[in-house]
Structure formats: structure tokens, C-alpha cells
Amino acid sequence: MELRKSYFADVRKDDLHEIGQPRPRLDSPGHVTGKTAFFADHNFPGMLHLKMVRSPHHHARIRSIDTSEAEKHPGVVRILTARDVPHNVYTILILIQIGPEDETVLADGKVRWRGEAVVAVLAETERAAQEAAAKVKVDYEVLPAVFDMEEALKPGAPLVNEYHGQNYYLYDSGECRKVRFGDVEAGFAQADHILEQSYQSSPIEHAPTETTGCVVAPEGNDRFTCYTNTQAMFFTLDNTSIILQMPGSKLHFVGGTVGGGFGGKVDVIVEPIAILAAKLTGRPVSFVYSREEEMQISSPRAAEKVVIKDGVMKDGRIAARKVTGYTDAGAYSRHSPYGAQKGAGHYPGPYTIPNVWIDTYCVYTNRTPSSAMRGFGVTIGDFALEVQMDKLARLIGMDPLEFRFINAYRDGDMKAHRQPTEGAALIECMQEASRAANWPVAEKYMAMSSYEKEA
Amino acid sequence: MAIRRGRGVAAINYPTGMNLGGDPTQALVHSTPTGNFMVTLSSVDLGQGMKQIMAQICAETIGVPTDRVVVDTADTDTGPHCMGTFASRGTHRAGNAVIQAAREARQVMLEVAAEELEVDARDLETDGQGNILVKGAPQKSISIFDVALSAHFKRGRSISGRGMFLIPRSYPEKETGAMKPSTCYAHACTVAEVEVDDETGEVTVLTVKNIFEIGRALNPKMVEQQLVGGSWMGISHALYETTEPYYPSRDHGGTDFNQYLMPGPGDLADTEIIVLERPSADGPYGAKGPGEMCANPQIPAVANAIFDAVGVRVDTLPITPERILRALKAEGTV
């Protein structure tokens, strides 16, 4: 890695002592010698292991649940169903007033995705819990499922989630978050070329080294200590308090040393049910995702679809850009309404375009619920935007890098969401890329600046 | 049938912090009797090194070496609230909270030192090595060790401070979408060079040159680990990863690291990282959040390089050999 201090030297003071120094990490010797303690290093006598019975169907009504055989399995201590959970229907963003509550801790009457948690089994060993889980009998009536966002948005599509009432998240702005800037149709009318393209992505896995999990210990003072690898301590504590209808003062969360997150540990999934199990059994409880659960059950990055329509001039200026983004939330909201909305604030990318129209939808399907992941709401949008930029440049016979210089945002430029640009540095990154990759561009682009007006 | 070479570029920006704000983080700082400093947080270190960065920020602000700072984090009984470690917010939000707390503690420290030296606190400065000096008269000084002892046992002062950082929440206007998604943005431009085998559809990423503008590299070595890892992750996202390879069939979804396709060490490109620093107006010492954005530009850069190599577009991720071959077949080029 190289620091190129020549850029922005006139707007930066390098007079610091500790900052800017490549100090060795104080925690790395522990990490590389195996001495760092993670949540799973907490082990208590009498600790129970929790395993979930999961739905084999994408969408089904639960006619009945029979746990009698599982209860007789050696080592089984307790079996939990929806009626054991004090506030079973929840949504994590309720803490920032983004409702409605739309997801069950344990399925109640219905499952909406394959893998949904239905029954929790607690046993003396992981093996006993796993074996007993296989003996839980759930009678399902399979319902039609919808897997495609466009299908889900059509009239007559199977309703995925009754708590929403329709297969999209209803924002205060309606069926999507909207940005309207300038007159996009007038922009298209004056453009020399129009290009409309569609981009798609598949869900992907965060793949942390350490799988999601927690260990809960009931304390002598009627409190519960939860050792967890959540990415957000109080967010998890406060949601747990709501789900368990338990004062936050009874909850003590300990964590902060995590083997990789990437956004995969901000859903509040394992802690509430594990604390409930510890409360109902009076014993320590461990609930740790297997690698298979981490990869196929925990929220992935959403599948997304992005449709971009651009009007571009022969001289390289983008006259108008219309973006429609679809985020596949799967069966439940989790963080997806936030992610889809974040996309609306990100488009049309780091370019100054006078006419912009953005709609971003958060769509419900019978897929595995998606949620936050590194680059949430932006990564797939950037793939779409930057491939589109390449196509536009080639369409008008211009160098793809020079085409970006022409449209790059600079300080003071008004963005589509009506904030003036501040602190821009796209041009300088491209100038350095031009040098480093030996990708020459015209001298006038190398003379540009994000913050100084040309003389 | 041939190995074809191409290159592609992509340029991006990325917002720092929770979108639309409203995501507070607090910090507490106090000195021990011998002048070490404890930072208390509830923020989470995901392995990226947050504790180390908070220690350096506290040390810089107080004016002591980093090894005199201890960070105690993520115990809800002791650490004040933090929204969490996500949205590239850890360094920016918690760092600002630590600066505010450390400034308050530093002020008390200087006041105690001023009483000991019988001077005005405004005339004092730290040397960064654990001493407080009179400006212009450095022979008149006192160690922070002695100042902390005095504060504790003689003067009854608590060398401590509280810090809180909050970007007020922005609510998008319903019809126009007018809003303030973020207060600062990191930037990147990536050039990728690939080889594509037009017989097998296999892509080899030869080189990736990443230029990242991140405000300020608070610890350049840690910035490097973050940016190199992100660059690899971006290549993985572009070419390999999916939890549902035959969607809508759920068959063959990876359940372990043998099945879930990611690049191995032999698949990683020659990776170059160049960092630019335009300090942000509201970042701790100008820092922005580079954690997420560093994995984004490689994806379109690789996609564009593949087009440059073989003349077909695959607009669906991941860009697998199968999709490339199908696109070549549809074009009639093979």
C-alpha cells in the first residue's frame, strides 16, 4: 500500500503524533496465538444446547405440532414453541420506528421461507438436541410460494407476509422510496442516445470465520449474562427486552470480540430465544449456528434487480438518469426497508446529472430473509451503475475513464437528493488510477479538481 | 479458441455511517492513578481493529503514547450506548465520541498540571511522550504520571470525560426524496485486468489496482489489511459467490467452505492499493469509513474487463464461466 500525500496536501495538516502511525495492533498477538477469548469460550457446568426445528417448505400453514416423541428423547430438557415467547411477533428496526412487526421468533400457524425456525429443542448435548429435533412432527399444508420479485409484485401473487398486507414495504412515500430531481423525461427528449439496461444479483453469504451464536448464563441476582458476537450490543439487548417483555436491567450483554461480521450479525436472532430458554430452564444455554445454518439460514445479502435508463449526449454528458431498484427482502423485513431506502440516497452514483428519477422497492418473497451486508443498499447498485457507465462510454465512442471525468461530481454540485456535494474526491482517485494503471486520459482531465475551480 | 485479455475501470463513492443518521455512539474516558487512560465503550470490534484505532485516537487527543491507553468495550453494564459496528460507522462515530471524551479529560489533566506548576492551564502543552510542558519554557514540566497521582490523592479531581456523537436523523421528503443520507463520503477507482478463456469461460483476474480516498489513514497498516481484504472480497463477489447457484431451486446451495465457492489463495489477483487522504469535515482527525466501500469497485471493474476481453456482457452476478459461455454462444462468437 502506498499513501499518496501529494493529493489534497493543501487541505490537510499532517501534524499528528499517534494518528497516522502504523502501530501494531494490541489484540493481534492474542488472535494469532489462540489466546483471545470469544463468546464460545464461555462454558458453564450444566449448559444446555439449543437446536431449531426448521421448515422444509417455502410457504406452508402449520396444522399441528407434535413434540411428544422428541420430549421422550434421552437428554431433552425442554421444548419451546411460539406460545412460550412473550412477544413473538417482532421487527428489529422498531427501535428506530420502522415497523410493522412482521416476523416470528418461532413460527406461529405459518411458515414463510424454507428454513424458518418452528420449534426450539434444549438438551444436555448438541447431539441429543439434534436427534430430538428430528423427532418433532409438524403437519404442514403447503401453500403456493413466490420466488421472483416481479411475480411477487403482480396482482394475484401469493401474499407472503400478512403483517404487510402486500408484497412490498409501504414507505410514507408509497410503494417505493422516491427521488425526483429536474425533469427526467425532458432530459431523455434532448438526449442523443437512450440506453436502458437491467442488472441482477444473487444472494451471497457473509462467510465470517466465527458463526453466529451466544452463550447465556442465568445469574444469582435474577439477571442473565449473554456472551454474544452481535455487531450491535444495545440494539440486540433492547430488542431482546421487547421480545421477552423483560426489563433491560435484567440483561447483561458481553461481547465485542468477534470473528468477522460483514453485516451478518446485526439481525437479532439467537439471543432472545437463548435467554428465554435460560429463563425457563434455569440453566446456561448455548445456541450457536452450524456452518450450514450460517450459510443457508442466516440472512444473506439480498438478491437485487436494478434497471437503469440513461439519456446521454454525444459530448459525454449524461442528461437524465432513471433508476428502479428492487431489493428482495425474502419473507421478512429485518433491515431490508432501510437497505432499499439507502439505495435511493445513493443513486445516481457519484455523478452530477441534472434530471434524475429514482424508485427503490423493498419486495417480499418466500426466499430466505435477506438483511445487512457490507455495502448494504449500494454494492449491487454500484455494479449496475458502473457497468452502465462503461456501456454508455462505448455507445458514444468515448474512453470509459474520460467519460467518468466529464460527469464526476465536484464540491458544490447539487445531488439528486438535494444536498450540495462536499468533500468530493472522485476525480483525484481517477487521476491516480490513470497514472497507476497506465491508462492515459487527456491533459484537461488530469488538470481537473474536485474542489478548486479551474483557472 | 483463445485466452483473451481485457481491462476495465469503475469509480464509486460510499456514505459513512448509518444512512440518514440518527445513530449515536458514546464514550467515556478516565485516567488511572498513575496516568494511564481507560476508554470505555460498548462498540464491537469485528476483527477489523476498532479497539486499536480508538486507543490511537484517545492517545492523540490526550497527548500520550498509544500504549498508555486501554480500551474496554462491549460490556453493557459498563460501556455507554453505541448503535453498533456496521454501515462503515465504527471509526467515524465512536472516534468522534472518544475525541470529545478525551478532550474533556485532557482539560482536567491540564488544570491539575497548572495547579502543580503554578501556571495558567492555557499555557501548557503535551509532548506526546507522557509529559506536560509550559509552552516556550519546556524546562518547566511535569509528568502525566505525577499529574494523575496529584489529581487522585491530593487535589481530588477526576481526570475523566464524556463523549457523545450523533448525526441528527434526516427524514426523506415524500415526493422529492430530499434528504441527507450522509455527511461524508469515501471514494474509490479500480482498474482490473483479466484473462478470459473463451473455450471454458474461466476468468483469471491478473491485476487489480485500487485507488481509495478515505479521509485519513489513522493507522496505515490497519487500513491496508482492510482494503486488501475488501478488494479480494469484491473479486469473490464478482466471479464466484452465490448461496443459491440454481435458483429458484435451492439444490446445491453451499453449506460449508468446500461447497460455497470463493477464491483460494491461487485465485487472487496481484493487488495494488494506493490511498489518498482528503480529510472529512466531521470525521475524527478527518477519517471516513472505508470498511464497506473497499469491496465495491472491483465488481464492475472486473465485469467491464471481461467485456473488454471477450465482447459479451454478463449483467447478472456472479459472472460464472457458464454465464460467459452462454453469452458467447448467444453472440455466435463460439
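Modeller: The contact takes 97 residues from chain A and 99 residues from chain B; two residues are in contact if their C-beta atoms, placed from the backbone, lie within 7 Å. This is a predicted model, in which local features need pLDDT of at least 70 and side-chain atom pairs count only at pLDDT 80 or more, while totals for chains, interfaces and linings use all residues. Residues are numbered from 1 along each chain as its sequence is written, and chains are lettered from A and ligands numbered from 1 in the order in which they are written.

Biologist: Which helix of chain A gives the most to the side that touches chain B?

Modeller: Helices (H or I, at least four residues) and strands (E, at least two) are DSSP runs, numbered from the N terminus. Helix α12 (residues 426-436) of chain A gives the most, with seven residues.

Biologist: Which strands of chain A and chain B are joined by two bridges?

Modeller: Two strands pair if DSSP finds at least two bridges between them. Strand β1 (residues 2-3) of chain A and strand β11 (residues 270-276) of chain B are joined in this way and run parallel. The bridge partner of A:Glu2 in β11(B) is B:Ile274.

Biologist: In what order do the three strands of the open sheet in chain A lie?

Modeller: The order is β7-β3-β9 (chain A), with antiparallel pairing. The edge strands of chain A, β7 (110-111) and β9 (137-142), each pair on one side only. Six bridges join β3 (residues 60-66) of chain A to β9(A), and A:Ser64 stands opposite A:Asp139 in β9(A).
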